[in-house]
Amino acid sequence: MAARVLALLCMLGIGLCQVWSSSETHPEEAGLVVLYPWQHQNSGLGRVKRDWIIPPIRVSENSKQVPENLVQIKSDKVFTGEVIYKLEGQGVDQDPKDLFEIDDKTGEIRSKQPLDREKYSRFTLKAFALSPSGERLENPSTIEIVVLDQNDNRPIFTQKDFEGSIAEFSIPGTSVMSVSATDADDPDTDNAVLRYSIIGQESIPANVITKTMFGINNETGAIYTRDVGLDRVVVKSFRLKLQVADMSGMGLTNEGIAIIHVSDINNHGPRFSPDLYNLSAVENRIDHEIGRVNVVDNDDPGTGNWEAKYTIAESDRFSNFAIETDPLTNEGILTVVKPLDFEGRSEYTLILTVENVNPLNIKAPNDPISSATVLVTVVNENEAPQFVSDPMELMVPESVPPGSVLIKNIAYDPDNAKLRYEITRDPERWLLINPETGEITSRKSFNVRSPHVKNNVYNVIVKVTDTDAGGISTTATLSIILKETNDFPPQLTPLSGVVCNNRDIYRTGLLLTAVDEDLPPHAEPYTFDLPSDMSNNWTIVTFNDSHGYLQPLIERLEKGEYAVTVQVFDSGNPRLSSFAQVNITVCPCDNNHDCRSESAAIFGTRVGISFIALVVIMASIALLLLLLLLAVAVGNCRRHHHMKQGGGLLVGESEDDIRDNVLNYDEQGGGEEDENAFNIDLLRNPTDTPSTPGSFCPPGLSRGKQPLRKDAPHNLPSPLYPRKPPADPGDIEDYINNGLEAADQDPNVPPYDTALIYDYEGEGSVAGSLSSIASASSDGDQDYDYLNDWGPRFKKLANMYEPR
């Protein structure tokens, strides 16, 4: 009856359902708690079925009494048959399996092996009451099993070694670092309540400090300083032995290590050691080390508290020296950054100061900044001569007279030694240099058109050497910028041409230009002019900067040959000019602006034969006739020579008789009646005898009387030729040029116009004589007016001769 009352109170929520004592069980089940999760309660209104609220079953972990009965469940319902009990859930048929089991007949629940709360702290099971056939007799009931904690785990530090640092000379109570540990036991129990402590202290170096320097908060693990005297010069670090215990310090324990480094503060200034240095530096050398200075600093090496920063005081007024810090040794490296001159100053006194990169701490002694004195002695050496500039630039007119001084005072010697000068490269040999003074003069005028002149610049290499022992040389470039001068007058071109008289006056004319050996601005633009007293009926119009247009002033100019004198000016300063005679052929022209004869003009429109084709045909015929005449002349000369040698009747006969047998013409050429033979001589001075080398026939053959040539020289005086060869081979060019110039001006030197003059060819031919130049059988003057009828090209040939 008591069991039912307790169950009712549990159902009504009046009391908690705990594990019942053995007095509340049935007598047959004494010693084991028996639960009736399926009890029913009757009411006046009828029977109402309610499930039991079963309190958790508490089981201690690590129990060694296994299997251990935990609880027994029963149904108080009266069944006609047998009741079978089943258990399901975590620890039975779910992972972790096989931790619990139930007796299917008695309903006893027991553990099969020890439990570990750190792995599984709670299990939830389902209990069933079944008939033998498997039918549920009651609704399933939930059973909670709670694993009670035991202090079976030691606390563990979270790190093997803890590291921290504290600045030297820190005051007591300064926080250093914190340590921590963990415990796997139930944090809601005293098993996981931890306490920390320091159980040992070691200094590094060992035993330099024996008093307790650090403390620890036993609940939080925070480590702090307890005493003064943390000097990094004395002690570098500490090694603390730590302990942690659970059960509020009364349970299980574990140990750990904390290493605390004493960090440096800049409480020591650098000091020179020693503070006086004697160094030497070779003159004219830069960027080289001349010596080192040293300092002592008790702060931590490799930090900004230890690294030195050097300064050269105002004693280095011209900034010839520099000093920098060696990062490995902290030494000051002194170098020369500007060349020293022994002749100017042989000794320097430098004052150096030194500080740390980081400023001094307020706890550092108030000492003055350390300084040192450095005496630098300059060492003299033989210095190379120096040019005033390299390259040296000089602007010179190209027509500078030989012997002109171009430049002097080009180099000096720092040691005041005597110098020797020479030019090592002067491809045109335009310059001379005084070997003692270095004065450079011109040997001859320059020529800007030389292949060694690039962009009007002529480069010369000059070398200077001192006369000290083992003399040192230096070279420099002398760049001569040649200034163009107006040295050459312009030369007109072309000197001949054709002007058409059958076209509009504004569309006809001769385009003229000029050639000037000078370069701009002494060449183009050109100016053309016609002297008023020398060129009538002509004018010249400017076409562009380089061309002019020579035109007739009248609309229909007579055909014929005209000589027009034209003057052309360049644009130089001063301006130069030249006169030239332009030979102009005025004639009717074809569509190509070429002269054509009257017959060609007529037939060209009817038959369609072009002027060029007609010229080709006529030239071919003339060539064939010329070859034939040459062959006959050679044969005639040979026959005449044999007659002279043989004598007899042939000597007394006339030349006409001899020539009767030279040529016979058929009916095709119209020359069958020309029975007079002929001679052919090369043109030469009319005063030459037949035996001179200019004759075609051998000496002794007679020649006809020749007409007087207008263009042949008549014993004009020759210029003076250079006779004495130059002593200097370098002047051979001038010698040759002077000889060529004299030959060009000599009127008695061939070749002048050497057109061939043909001798008498005979008479009686209806075709006329082929020799329109030489005389016929008569010794009288020849009449060449008929050549004017042959066209404008033959008219000029006729004008070259006049009767004698």
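Select arginine 232: its side chain reaches the backbone oxygen of valine 262 at 3.2 Å. Keep in mind that this is a predicted model.

**Stop 1: around arginine 232**

Stay on arginine 232 and colour by secondary structure. Arginine 232 sits in the loop between β17 (222-225) and β18 (237-245). Is arginine 232 buried or exposed? Its relative accessible area is 17%, so arginine 232 counts as buried, the cut-off being under 20%. Now show its neighbours. Leaving out residues up to four places away in sequence, arginine 232 touches Glu168, Val262, Ser263, Asp264 and Asp300.

**Stop 2: the whole chain**

Zoom out. The protein chain has 804 residues, and 37% of them are buried. Count the elements if you like: there are seven helices and 49 strands. Then look at the contacts between residues at least 6 apart in sequence. Of these, 64% join residues at least 24 apart.

**Stop 3**

How many aromatic pairs does the structure hold? There are ten. Begin with tyrosine 120 and phenylalanine 123. Their ring centres are 6.0 Å apart and their planes meet at 35°, so this pair is tilted. Next, select phenylalanine 214 and phenylalanine 238. Here the ring centres are 5.1 Å apart and the planes stand at 75°, so the pair is edge-to-face. Phenylalanine 214 belongs to strand β16 (residues 214-216) and phenylalanine 238 to strand β18, so the pair ties together parts that are 24 residues apart in sequence. Both phenylalanine 214 and phenylalanine 238 are buried.

Return to tyrosine 120 and phenylalanine 123, and check their accessibility. Tyrosine 120 is partly exposed, at 33% relative accessibility. Phenylalanine 123 is buried, with a relative accessible area of 1%. Phe100, Tyr120 and Phe123 form one aromatic cluster.

**Stop 4: lysine 126**

Select lysine 126. Lysine 126 is part of strand β9 (residues 122-130). Lysine 126 is partly exposed, at 37% relative accessibility. What does lysine 126 touch, not counting residues up to four places away in sequence? Look for Lys86, Leu87, Glu88, Ser141 and Thr142. With threonine 142 there is a side-chain polar contact of 2.9 Å. Now draw a distance from lysine 126 to valine 92. These residues are 34 apart along the chain, and their C-alpha atoms are separated by 9.9 Å.

**Stop 5: the loop between β6 and β7**

Two backbone features share this stop. Find proline 96 in the loop between β6 (84-89) and β7 (100-102). The peptide bond joining aspartate 95 and proline 96 is cis, with omega about -10°. Step along to aspartate 98, which is also in the loop between β6 and β7. Its phi is near 65°, a positive value in a residue other than glycine. Most residues other than glycine have a negative phi, and most peptide bonds are trans. Aspartate 98 is partly exposed, at 44% relative accessibility.

**Stop 6**

Go to arginine 429. Where is arginine 429? Arginine 429 lies in the loop between β33 (419-425) and β34 (431-433). Arginine 429 is not a glycine, yet its phi is positive, at about 55°. Its relative accessible area is 37%, so arginine 429 counts as partly exposed.

Then jump to proline 525. Proline 525 is in the loop between β40 (510-515) and β41 (527-529). The bond from glutamate 524 to proline 525 is a cis peptide bond, with omega near -5°.

**Stop 7: the second largest pocket**

Finish at the second largest pocket. Select Ser445, Phe446, Asn447, Glu733 and Asn737, which lie nearest the centre of this pocket among its 17 lining residues. How much space lies in the second largest pocket? About 520 Å³. Colour the lining by residue class. Nine of the lining residues are charged, five are polar and three are nonpolar.

Technical notes:
Residues numbered from 1 in each chain as written. Predicted model: local features only at pLDDT ≥ 70, side-chain atom pairs only at ≥ 80, totals over all residues. Heavy atoms only, no water. Helix = DSSP H or I, 4+ residues; strand = E, 2+ residues; numbered from the N terminus. Buried < 20%, exposed > 50% of the residue type's maximum accessible area, 1.4 Å probe, protein only. Polar contact = N/O pair within 3.5 Å; in protein donor to acceptor, adjacent residues only side chain to side chain. Contact = heavy atoms within 4.5 Å. 1 Å grid on protein atoms, 1.4 Å probe; cavity = no way out; pocket = protein on both sides within 12 Å on 5 of 7 lines; lining within 4 Å. Points joined across faces, edges and corners; volume = space filled by probe spheres on them. Nonpolar A, V, L, I, M, F, W, Y, C, P; charged D, E, K, R; others polar. Phe/Tyr/Trp six-rings, centres within 6.5 Å; stacked < 30°, edge-to-face > 60°.
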